[in-house]
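These are my notebook entries on one protein model. I record what I looked up and what I found.

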Amino acid sequence: MTLLKETIASGTAPQTISRRTVPVDDETARLEALRRTRLLDSEPEPAFDDLVSWACDHFRVPIALVSLLDADRQWFKARRGLPVQETPRDVAFCDFTIRQRLPMVVEDAVRDPRFQDNPLVLGEPYIRFYAGAPIINRQGLALGSVCLIDTAPRSFGMVDRMVLAQLTVTALVAIERR
């Protein structure tokens with residue numbers, strides 16, 4: 001059994017969570033948890049907008065998002081550098097991100113067989129680089145992700161991954177304080 005250490009948003013010491021006790025693929029429970037937040041289709045909020053602005057500036061990427069994955073769409077609670085409010089879930093990189101516990105990095109989407117034919121790679125916004133980390137609630141369900149996008153390929157080191165993962169804790173705190 002694989003154990004993960006994740007920081008609880010309250011700032012308490014890391015808690016050990018078993019992958020078996022928190023199924024990644026419990027889509028029904030995940031969607032219900034997302035709906036309980038009442039985030040979908042809500043108005044912009046400074047806590048989330050500030051998070052994506054900081055992420056763009058810190059990582060020097062043109063696009064950062066707080067993405068929530070509903071049954072059929074990816075809806076952006078906060079976005080910088082992307083004019084659309086949502087995309088279909090079936091083309092969302094973040095759909096892959098919420099199926100794991102650690103950050104997912106695609107250094108060059110054109111060279112990644114999962115994404116090379118994706119319309120978001122072949123057309124606007126011309127994704128070449130993607131890094132996303134799941135926003136995991138206290139029940140261990142992924143509500144969405146914090147993600148970074150660039151139109152040029154790039155590397156993303158271990159410290160970058162840790163900072164990105166920490167941003168998901170900040171996002172969860174903002175969700176819990178609503």
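I began with the lining of the second largest pocket, sorted by class: 14 residues are nonpolar, 2 are polar and 1 is charged. For this sorting, Ala, Val, Leu, Ile, Met, Phe, Trp, Tyr, Cys and Pro count as nonpolar, Asp, Glu, Lys and Arg as charged, and the others, Gly among them, as polar. The 17 lining residues include Leu-82, Val-84, Thr-87, Leu-120 and Pro-125, which lie nearest the centre of the pocket. Strand 4 (73–80), helix 3 (93–97) and strand 8 (142–150) are the elements that give two or more residues to this lining. I noted a volume of about 190 Å³ for the second largest pocket. A pocket here is an open set of points on a 1 Å grid over the protein atoms alone, where a 1.4 Å probe fits, with protein on both sides within 12 Å along at least five of seven lines; lining residues have an atom within 4 Å of a point. Grid points are joined across faces, edges and corners, and the volume is the space filled by probe spheres set on the points.

I noted the basis of the entries. The model is predicted, so local features need pLDDT of at least 70 and side-chain atom pairs count only at pLDDT 80 or more, whereas totals for chains, interfaces and linings use all residues. Residues are numbered from 1 along each chain as its sequence is written, and side-chain values use heavy atoms, with hydrogens and water left out.

I then looked up the overall build. The protein has 5 helices and 8 strands, in the order β-β-α-α-β-β-β-α-β-α-β-β-α from the N terminus. Helices (H or I, at least four residues) and strands (E, at least two) are DSSP runs, numbered from the N terminus. Of the 178 residues, 52% are buried; buried means under 20% relative accessible area, exposed over 50%, and partly exposed in between (1.4 Å probe, protein chains only).

Next I followed the loop between helix 4 (119–122) and strand 7 (129–136), where Pro-125 sits. Glu-124 and Pro-125 are joined by a cis peptide bond, with omega about 10 degrees. Tyr-126, in the loop between helix 4 and strand 7, has a positive phi of about 60 degrees although it is not a glycine. Is Tyr-126 buried or partly exposed? Tyr-126 counts as partly exposed because its relative accessibility is 41%. I found a positive phi of about 60 degrees at Asp-41 too, also not a glycine, in the loop between helix 1 (27–37) and helix 2 (46–59).

I turned to Leu-143 in strand 8, which is buried with a relative accessible area of 1%. Not counting residues up to four places away in sequence, Leu-143 touches Arg-30, Ala-33, Leu-34 and Ile-175, among others; contact means heavy atoms within 4.5 Å. The C-alpha atoms of Leu-143 and Arg-35 are 9.2 Å apart, at 108 residues along the chain.

Asp-70 lies in the loop between strand 3 (63–69) and strand 4 and counts as buried at 13% relative accessibility. Beyond four places in sequence, the residues that Asp-70 touches include Arg-30, Arg-35 and Arg-89.

My last entry is Thr-168, in helix 5 (residues 158–177). Thr-168 is buried at 9% relative accessible area. A polar atom of the Thr-168 side chain lies 2.5 Å from the backbone oxygen of Ala-165. Leaving out residues up to four places away in sequence, Thr-168 touches Ala-133, Pro-134, Ile-135 and Val-146.

Conventions: Polar contact = N/O pair within 3.5 Å; in protein donor to acceptor, adjacent residues only side chain to side chain.
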